[in-house]
Each structure stands twice: as structure tokens, then as C-alpha cells.
Amino acid sequence: MVCNWTCLHEQEDQLCTAFVTGKQLPHLFAVSFYEESHYLLTKDKKEGQNTSRPEDQGTFFVLQLQHLITGSWLRLPSYSSSGFPVNNCLLAKTMLSIRNLRHGITALSPTVLLSLIVNNEYHCTEIFRHHIRVSSSQRPVCEFMNSSLTNLYMPIVVFGMWDGLNRQMHSLSTPGRAILVQARDPAKLSMEIEKAIDDHRFNDAWKLFEQHSHMEGLPRKSIVNKLLASFAESFDVCWLEKAHGLVEQAIVESKQKLLEKEPLIYLSFSLAKCGLSIPASTIIRRLIEMELYPPVTAWSAIVGHMSQTAPGAYLAAELILEIGYLFQDGRVDPRKKSNAPLIAMKPNTTSVNIALAGCLLFGKTRKAEQLLDMMPHISIKVNATLLITVAHIYERNGRREELKKLKRHVDEAYSLSDIQFRQFYTCLLTCHLKFGDLESASNMVLKMLQKAKEARNSLAAATLLIRDKSKSSTGQFSQESLNLRYGLEKNRSTGVCMISYEEFSKDRNFLKLEAEAKELLGSLLGKLQNQVELITTDHGVLLPTEKIYVKLVKAYLESGKTKDLVAFLIKAEKEDSPASNDDSVLVHVINACISLGWLDQAHDLLDEMRLAGVTTSSSVYASLLKSYCKASRAGEAASLLRDARRAGFQLDSSCYNALIESRVLQNDTHGALNLFKEAKDAKIHRASHQQFEMLVKGCSEGGEAGLMTKLLREIEDGQTLDSGVHVWNNVIHFFCRKKLMQDAERALKKMRSLGHAPNAQTFHSMVTGYAAVGGKYVEVTELWGEMKALAATTSMNFDQELLDSVLYTFVRGGFFVRAIEVVDMMEKENMFIDKYKYRTLFLKYHKTLHKGKAPKFQTEAQLRKREAALSFKKWVGLQ
């Protein structure tokens, strides 16, 4: 035990400096200092001595206050019988008030005073510059404060204490001088905030707001909402993020009553328009939690702007699913007047169509299909535009039977435009190709050609042609014409034009936002239309493009159906305008096969053409013959030469030169000599096929984007379609929707036995099926193990929708070890994760999980599960 105060001075400085810097001191050091100070004070009091400095007595006192106020882990020994009270801050303020008002004894050293100022977040207006000297340093308190606070980057105006009952001036007395502390008027501060907002001095407004928050908490309701609206109207990302942070602060502090609906909707709209989809969706969700239901006419425009990006499109679909859940199967009675605000929030056709179009643009088609499943349960009316969007979703997910059912509605619809017909029949044709149904696809193309031929030969077509000449052509719809159709101007939806809050507040029915939502829908649908390549229109008549011919030829060749291919192309040429022998579709297909080295297929096509009675030029035989010679296939070359002679064709000198060279390389000099004599006797000219060879060479080098070039590119892409995968995916999807999981498992087993590898869509159907049944978490864990094994051994990629469904199932079931694995994989691939959804899910089902202390004895598995749960809880922001 130290016997005098002098030895404690250095310890005092260390202790107070630690408080200023926020450093945690060793427990024994602080306790030792406390005990020694208490001992010396008690000793001086008993002996009637006063050897301590006034500042030292103040230090001991403030040391107690410091730990009472901060509530830190360090608990000092208590020499009172009752110990420390529960309300530490209130006790500290009370102790200081009693000490100052009743005793008026000790002064506080500047270091201790600064410690109390900095660490306890008290605020004051001014420390008057009285010339008070400190015994140890002989420096004025005001000088010490100025220098210290400058180093801490804090204003001079930092200190003030209020007792909660009156906010009057306090004084800390010394034997000679006094330090006066004056509280700043919150009402005056609110007026300054409001004036700064009116003057658009947002930096000043924010600083004043922070001061008010530290003094009194959040300002009054009108100030908060005015600040939110002004920041939203600034259209500046920095201020928008601060406004969102202010909303979250109010909710965390349980002051939701300060927030009004209109400023929050306007803020969400501004955030979405600036591309900040996550905070925009969060505010909509907060509004629903607070039962300040935003009307669909307002939030549909927010969803429209969110759908311009991939994460935003995914969030938009999630948001509509969450809102739609409230209205499923008549949960809300529309007859009750109290439900009117809630009914006004119900999703409508426009909002659903926006979300579906956004999902299509960014490849979130299985999430879009979830929206389709919800539509009948909330009575969404399907119009012509939504009908075509649904067709796109069915095509992407391989739902051919649903597309066939939809065809009847499309044919009966009277308000569909040419471009919408093009989109639907493109979807149907693509779906036939996915399933390998070449017969149905070929029949569709032939029917289009027949109708086009009839239209060309009819008087009605001629009348239509004259009428179309006087108007703008309706055959090829450009992006500009589509924009005009939906009332868009160029770059209208880029977000440059911003609705002011004054206009917004006057529009009580949100008509401007509703109009903007429809414009955004038109923009999204225009982008979808640009993806239609298989079918075009000519004066309202559907016509196949070269792209569909390329895809059909490739599919026929890969399946080995040469005879069917020739039959289809012959019929197509009869219906279409006839072409020359050297420029027919069949000739281009044969030459493409030759260029790719598919010589057998090219020879088969020639044979089928000859058997069908279709004549072709000698140039095709010459091209194939030279390729045989280059490949040293003398037998096939001789056979082809005989076929050419039977067909009555005379080959040119280049063909004979290639044959002679081939025989010489095989040491067949006798055969080479006979071919030379044959060519000499026939008096063959060298340049008889130069024009054809130049054409073939130009197409092969890509000089002209003709049919042959497109076919070469399509085949060289190497993307082969396994139609069996689509067939079995449909079977598995059907069983999963009906919750027949045993049948789905058998179908998956059969799919593997037939050699079809399951893809992301297969696993997604299985996971969502198990989730719908409920309690099948072990089965999902087994699937997850299989998915990881496939990812390690094959090139199969997991998309966001699949991993999100797996993560949802694991979190719902409390399998947090597996959930962390999924999160790691998604973050590694930079996939978007909706943390708000998982935070809500965790609070709903696992709110009390691992809240207490860890048990003393637990197995390694239990420890691992606990750590995983706490890690996930921290990841979603609950710790």
C-alpha cells in the first residue's frame, strides 16, 4: 500500500489517459489504484489531515463515476453495503449533482475532466475561460481543454450534464474559481436544422442533426421527415444513404412514430432510381412492418426501377412474393373499411409484369415461375402483354405442355400485335427444339411458309401492301417504334428526370408514379423483344428467319436424320421463292458439312437429294470429291465419281488433278495414268468452276454472313442440346409440384440410369419440393452433398436461384453448418444474397437460439453447430 498521494500522481495520469484513448486497463492496476486512493482518503479524514490535492480527491470520485457511467467490464470493489445500483448513469449524475450542490469541495484535474467529457458522450455549449490554475501543471483549465480537444478533432463545446428534470446551468466549484456549463436549447437547434434544410445546406443540416441526436435524441417528427424528403430530392447517393441510415436509426431506437408514409415512399423511389435497390426494398419492407401500407400505384414504379439490375430484379420478385403472401386465398376481407389501405397495396397486373420481365432479362426464370404460381391465388388479371411474358417464362424453363395450352389463348386474343405473335411463336418453336421434336418444329416452319405464299398471291395482301406504303411499315419493329408504342421517349427511363417532393406530395393517388411504372414496363418489354431472332413478320405475316433454318439443320444432322432433313428442305424450297441450283438451302447445308469435315453426312445428303429427284450442280460433287482426296479416302472418292457420271455431270480439271495426286500418294501409278488419259480425252477446261469455288471460299472465311456462314458458327459453338434432360426435368417438376417426392426420387434415379446428367433446374425442383412437403432437411442435405461432388468433378455451375433455395431450406431447419457452406459458395461467386430475408427468417424460427451462456460440457459436434449458428447470426447483422 502506497503511503502518500505523490506516488499516485503518475498512476492517475496513466489511468485518465487510458479513459481518453478508450484503452482497457489491466484489472489489477485499476483495482489497486482504487484501493490505495480509498485508503489514503480515509486515513486523512481520520487523522484530520489534508495532504491530498483537491484534484486527487476529484480523480478518485470521477474514477467511480467513469465505471458507473460506461458500464464497462471492469467492476471496482464497493465499500458500501448496497453495492452499485442498477441505473449507473442516473446514479453518476445524481452523485455529481449532490457533490457539487451540497459539498462544493474538490476541483477536478483537467485530465480527469477531459476523461469524463470524452468518454461519456455529454454535450454542452461553453466552458468559460476563467484563469484557474492546477497545482501540478499550473495551466489554465481552458487552455488544457483547447489543446487536448483539438488533438482529438472535437469542438471546444463539448461538456455538459443534465439531470433529466431541469436543464439548468451547473457549476463545478474550486476554492478559488468556477467552471460554468450551459446547455444548448434543443428548440433553437431544431430551428437551425430547418433553416439549413430550406437553404439546401445539407452539410450544416446534418451536423446540426447529429448534435441534436447526441443531446436530445432524434428531433421532432416534422424535422425528421423534412430532412428525409430533402435528402431524397437531392438525388445524391451520399445523402440518400444518410437518409436510409436515419430511417434505420429511428427503427432501432423504437421511434417509428417519427416516420411518415409519404416521405418514406419518396425516399424509396429515389433510392431505386439511383440504382440502390437494396435500401429501396428495405424501406418498402419497413413500411409494411409499420403497417404504413404503400399503394401499388406507388411501389410498382419502385419495382420498375429496381428491375433494371440483376440484384434489383431478384429483390423485386422477392418483394412481390412477400406482399402477395398477405393476400393469398382471401386472407384479407375487402368488405372491411379498415382493410382499405392494405387492399390498395395488393399487386396488380403491371407490377407483376414488371417483375417477370426483369427476371427474364437477368435469367431468374425459376423465381419468375414462383410468381406465376402465386398469380391465381391473388386473382391477378392476365392481359395480352402478360400473356406473352408468361410464354417467355415457360419457354426458358422448358414447360412445353403449358405453352401448348397457352397457344389457344394467344390465337383467340384480339389485342395482340404482330410483334407479340412473333414472340409467342418464337417461344413455341424454341421449346420444340429443346425437346428434340424436329417434326413439330419443321411443320411450324412449313405452315408459316404456306401462309406467306397464300398472302403474297391474294388480293388482300396487295391491298395491305398499298396501305402499308402510305404508313410506316409494321413488319420489322425497331426499338424506337416499340418505345413509341408504350409512350416512351429516348432515354426517358434513365432516371435523369426527377419528380420533386412538392409534386409528389400533391399527387395523392400517385398517378405520376403509376405512369412511370408503365413506361418502365415498356422499356423492359422492348429489351425482351430484341432477343427474338427465329421469326420475323412481313406485312403482318409470320416468316421464319435463316436462324431457324440453321438450328433445324444442326438438330437434324446431330440426330442423324438426313432423309428427314432433305425432305423438309425440299418442301421449304417449294413453298418459298425458288433459288438456283448453286444457291439453294440444301447446297449451303452440304457445303457447310464439307467445311466442317462431315464428309459422310454431305455424301448422304447428296444421295437423298438424288433419290428425291432433286437436281444439283456439278460444283457440289466437285467440292466433296476434293475433300475426299485431301482426306486420303480414295474409295469414297471413286464412289462419288461414279455417282457424278451417272447423274451426267462432267468434273473439271481441278477435280482430276486432285484425284491423280491422291493416286500418286498411294503409289497407284496405273490408276493415276488412267485418270490423266480420261481427262485429256474429255478435253476438260480448268476454270469451269472458279465462280462457285470463290463463293464457297468467301462463305467459309466469313466474308458474307449467309446461311452457310451462320450454320458454321452455330455448329462450331459446340452447344449440343440433350433433349432427354428437358423431358425428365419436366417429369420431376410435375411430381415435385404435386408433392409426390417418392415419385420424383424414382424419376431422378431413372434419369441418371439413362445417362442424363441432372442440372441446376433438376436440383431446384427437388429442393423446392422437399421444402413444400416440410421437414425433409436430411434429404436436402444429401442433395447438397451430391451437388458439391458434381461441382468438384464436372463443369456444372450452380446459379443463384438454386443456391438461394438450398440456403433458405437450411436456415429454416436450423442447419447452420450447411448454411454457412452455401453462403461461402455464393459469396465466392459474387452472387447476391437477400440478408434482410434471412434475418427475418432467423428471427421468426430461431430467435432464442444460443442466447445464453455456452454449456460447460459439449461435444465437438455441438460446439461446431453453436459456432456456425453464431456466425450466421453475425452475418445477418443480429450481433
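## Largest pocket

By class, the lining of the largest pocket splits into 17 nonpolar, 13 polar and 17 charged residues. Here Ala, Val, Leu, Ile, Met, Phe, Trp, Tyr, Cys and Pro count as nonpolar, Asp, Glu, Lys and Arg as charged, and the others, Gly among them, as polar. The lining has 47 residues, with Glu318, Leu321, Tyr325, Gln370 and Tyr808 nearest the centre. Helix H38 gives the most, seven residues.

The space inside comes to about 1900 Å³, counted as what probe spheres set on the points fill, with points joined across faces, edges and corners. A pocket is an open set of points on a 1 Å grid over the protein atoms alone where a 1.4 Å probe fits, with protein on both sides within 12 Å along at least five of seven lines; lining residues have an atom within 4 Å of a point.

## About the model

This is a predicted model: local features need pLDDT of at least 70 and side-chain atom pairs pLDDT 80 or more, while totals for chains, interfaces and linings use all residues. Numbering starts from 1 along each chain as its sequence is written, and side-chain values use heavy atoms, leaving out hydrogens and water.

## Two helices side by side

Helices are DSSP runs (H or I, at least four residues), numbered from the N terminus. H28 and H30 have axes (lines fitted to C-alpha atoms over the stretch in contact) that come within 10 Å and cross at roughly 10 degrees. They are therefore roughly parallel, the label for angles under 35 degrees.

In the contact (heavy atoms within 4.5 Å), Val587, Ile590, Asn591 and Ile594 of H28 meet Val620, Ser623, Leu624 and Ser627 of H30.

Note on methods: Axes are lines fitted to C-alpha atoms, for helices over the stretch in contact, and angles run from 0 to 180 degrees between N-to-C directions. Angles under 35 degrees count as roughly parallel, over 145 as roughly antiparallel, 65 to 115 as roughly perpendicular and the rest as oblique.
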